[in-house]
Amino acid sequence: MNKYVWLVGGLLLLAGLSSCKDRQSASPQLAKFQIQLENIQLSISPGQIPVETLLQLQLQSKQPLKQVTAEIVGVSMYMGRIPLRFTFDDNSGLWRSDFMLGACSDPNMIWQLRIQLTDTSGKVNQLNTEFQSSWP
């Protein structure tokens, strides 16, 4: 499991870092920040991840999940802990959570997303990744 967590975390970090460069040159209308992995797809919209704006995290898994929980914590500076509560949409097969990020003195704040996925057998997997927010 540790190898899986490190592999997923590394891939998410690389995708996030390359996406941060793209956000600087992309139009402000970027719809979603997406990460595609073998069994999981994550997306945050709007894609430039502006602070003090309602954001939505969507998670889709190829394997059935019983529960998804997550929290976001500041990496660049301490911003407390933001718990995320997910709901499952049977029609789309997506887990969704709405949240907001607070503004701080860093216009390119780095955050860590910590997700716990519980499959239908009760097995829990932890995924961690970092992403960058922006000022609107």
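**Figure 1. Residues around the largest cavity of the predicted model.** Phe33, Ile35, Leu42, Ile44, Leu57, Leu113, Thr129 and Phe131 line the largest cavity. A cavity is a set of points, on a 1 Å grid over the protein atoms alone, where a 1.4 Å probe fits but cannot get out, and lining residues have an atom within 4 Å of a point. Two or more lining residues come from each of the elements β1 (33-36), β2 (40-45) and β9 (124-132). Strands, here and below, are DSSP runs of E with at least two residues, and helices are runs of H or I with at least four residues, numbered from the N terminus. The space in the largest cavity is about 40 Å³, and the structure holds one cavity of 30 Å³ or more. Such a volume is the space filled by probe spheres set on the grid points, which are joined across faces, edges and corners. By class, seven lining residues are nonpolar, one is polar and none is charged. In this scheme Ala, Val, Leu, Ile, Met, Phe, Trp, Tyr, Cys and Pro count as nonpolar, Asp, Glu, Lys and Arg as charged, and the others, Gly among them, as polar. This is a predicted model, in which local features need pLDDT of at least 70 and side-chain atom pairs count only at pLDDT 80 or more, while totals for chains, interfaces and linings use all residues. Residues are numbered from 1 along each chain as its sequence is written, and side-chain values use heavy atoms, with hydrogens and water left out.

Figure 2. Gln41 has its place in strand β2. Its relative accessible area is 25%, so Gln41 is classed as partly exposed; buried means under 20% relative accessible area, exposed over 50%, and partly exposed in between (1.4 Å probe, protein chains only). Not counting residues up to four places away in sequence, Gln41 touches Gln34, Ile35, Gln36, Gln58, Leu59 and Gln60. A contact of this kind means heavy atoms within 4.5 Å. Leu59, which is 18 residues from Gln41 along the chain, has its C-alpha atom 5.7 Å from that of Gln41.

**Figure 3. The open sheet of four strands.** The strand order is β5-β4-β8-β9, with antiparallel pairing. Two strands pair if DSSP finds at least two bridges between them. β5 (81-85) and β9 stand at the edges with a single partner strand each, so one side of each has no neighbour in the sheet. From one strand to the next, the twist averages 20 degrees. Angles run from 0 to 180 degrees between N-to-C directions, and the axes are lines fitted to C-alpha atoms, for helices over the stretch in contact.

Figure 4. Strands β4 (residues 65-74) and β8 (residues 110-119) run antiparallel and are joined by nine bridges. Across this pair, Val68 stands opposite Leu117, and Gln67 stands opposite Thr118. β4 also pairs with β5, in the antiparallel sense over five bridges. Val73 has Arg81 in β5 as its bridge partner. The hairpin of β4 and β5 has six residues between the strands, and Gly80 in this hairpin takes a positive phi near 80 degrees.

**Figure 5. Gly74 and its contacts.** Gly74 is a residue of strand β4. Leaving aside neighbours within four places in sequence, Gly74 is in contact with Gly80, Met109, Ile110 and Trp111. Leu113 is 39 residues from Gly74 in sequence, and the two are 9.0 Å apart in space, C-alpha to C-alpha.

**Figure 6. Backbone features in the loop between β2 and β3.** Most residues other than glycine have a negative phi, and most peptide bonds are trans. The peptide bond from Ser45 to Pro46 is cis, with omega near -5 degrees, and Pro46 is found in the loop between β2 and β3 (55-61). Ile49 lies in that loop between β2 and β3, with a positive phi near 50 degrees. Glu52 is found in the loop between β2 and β3, and its phi is positive, near 50 degrees. Ile49 counts as buried because its relative accessibility is 0%, whereas Glu52 is exposed, with a relative accessible area of 56%.

**Figure 7. Overview of the chain.** The chain has one helix and nine strands, and from the N terminus on the elements run α-β-β-β-β-β-β-β-β-β. Of the 136 residues in the chain, 41% are buried. Among contacts in the chain with a separation of 6 or more, 55% are between residues 24 or more positions apart.

How values were computed. On a 1 Å grid over the protein atoms alone, a cavity is a set of points where a 1.4 Å probe fits but cannot get out, and a pocket is an open set with protein on both sides within 12 Å along at least five of seven lines; lining residues have an atom within 4 Å of a point.
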